[in-house]
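Please describe this protein chain for someone who has not seen it before. Start with the overall fold, then move to individual residues.

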Amino acid sequence: MINKSLGVFKEGTKDPINLPPVPLSPTNVCAAAALSRKIINIEDVSSSGYYDFSGPRKYDAMTGYRTRSVMVVPMEDISGEVIGVLQRINALDPAGRLISLTVQDEEMVNAIASQAGVCISNIAHEKM
């Protein structure tokens, strides 16, 4: 988990990421991406009435952060099973300004999710 504006850099194995689990409900954007196996790209969560963003709002209230743009990409293992999602929140341009996430961003994050899923599958297979 990396959040440059809050100075958060956590690696799950060394630094516990203490966030509550996400309910597998289609009204939750992360779960909806996993369940539908589709990329979800929302320009401004405050104007999105379909998904439940109460979790990000609580996080924002605790930290002073402001979640605006969200992209969620399903992550599959080598057998095609969804094993998680990758999120990109509040993309920034080189000058540090918030920007909307584009189709090209979706393609890039999807490629990263694909590689991450294969890596996780390989690691899990090695431990067996």
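The report below goes from the whole chain to single residues.

## Basis

This is a predicted model, in which local features need pLDDT of at least 70, side-chain atom pairs count only at pLDDT 80 or more, and totals for chains, interfaces and linings use all residues. Residues are numbered from 1 along each chain as its sequence is written, and side-chain values use heavy atoms, with hydrogens and water left out.

## Overall fold

The protein chain has three helices and five strands. Helices (H or I, at least four residues) and strands (E, at least two) are DSSP runs, numbered from the N terminus. Their order along the sequence is β-β-α-β-α-β-β-α. The radius of gyration of the protein chain is 15 Å, close to the 14 Å that the globule rule gives for 128 residues, so the chain is as compact as a globular protein of that length. The radius is taken over C-alpha atoms, and the globule rule is 2.2 Å times the number of residues to the power 0.38. Along its principal axes, the C-alpha trace spans about 45 × 30 × 30 Å.

Of the 128 residues in the protein chain, 29% are buried. Buried means under 20% relative accessible area, exposed means over 50%, and partly exposed lies in between (1.4 Å probe, protein chains only). The accessible surface of the protein chain comes to about 8500 Å². Carbon and sulfur atoms hold 57% of that surface. The areas come from the Shrake-Rupley method with a 1.4 Å probe; for residues, only the protein chains shown count as cover.

Contacts (heavy atoms within 4.5 Å) also describe the fold. Among those in the protein chain with a separation of 6 or more, 49% join residues 24 or more positions apart.

## Helix 3

Helix 3 covers residues 103-126, which is 24 residues. From its first C-alpha to its last it reaches 35 Å, close to the 34 Å expected at 1.5 Å a residue. The expected span is 1.5 Å times one less than the number of residues. Which residues of helix 3 are buried? They are Asp105, Val109, Ala113, Gly117 and Ser121. These buried residues pack against strand 4 (70-76) and strand 5 (82-89).

## Aromatic pairs and cysteines

There are two aromatic pairs. Rings of Phe, Tyr and Trp (its six-membered ring) pair if their centres lie within 6.5 Å; planes under 30 degrees apart count as stacked, over 60 as edge-to-face and the rest as tilted.

| Ring pair | Centre distance | Plane angle | Type |
|---|---|---|---|
| Tyr50 and Tyr51 | 4.9 Å | 90 degrees | edge-to-face |
| Tyr51 and Phe53 | 6.4 Å | 75 degrees | edge-to-face |

Ring pairs link Tyr50, Tyr51 and Phe53 into a cluster. Tyr50 is exposed, at 57% relative accessibility. Tyr51 is buried, with a relative accessible area of 18%. Phe53 is buried too, at 2%.

A search of the whole structure finds zero disulfides. A disulfide is a pair of cysteine sulfur atoms within 2.5 Å. Cys30 is buried, with a relative accessible area of 12%. Cys119 is partly exposed, at 43%.

Arg37 sits in the loop between helix 1 (29-36) and strand 3 (40-42). Arg37 is partly exposed, with a relative accessible area of 45%. Its phi is positive, about 60 degrees, although Arg37 is not a glycine. Which residues does Arg37 contact, leaving aside neighbours within four places in sequence? They are Ala32, Pro74, Glu76, Gly80, Glu81 and Val82. Arg37 and Met75 lie 38 residues apart along the chain, and their C-alpha atoms are separated by 8.4 Å.

Thr67 is in the loop between helix 2 (54-63) and strand 4. Is Thr67 buried or exposed? Thr67 is buried, with a relative accessible area of 7%. Not counting residues up to four places away in sequence, Thr67 touches Val45, Pro56, Asp60, Ile89 and Asn90.

Asn90, one of those Thr67 contacts, is in the loop between strand 5 and helix 3. Asn90 is buried, with a relative accessible area of 8%. Phi of Asn90 is near 55 degrees, a positive value in a residue other than glycine.
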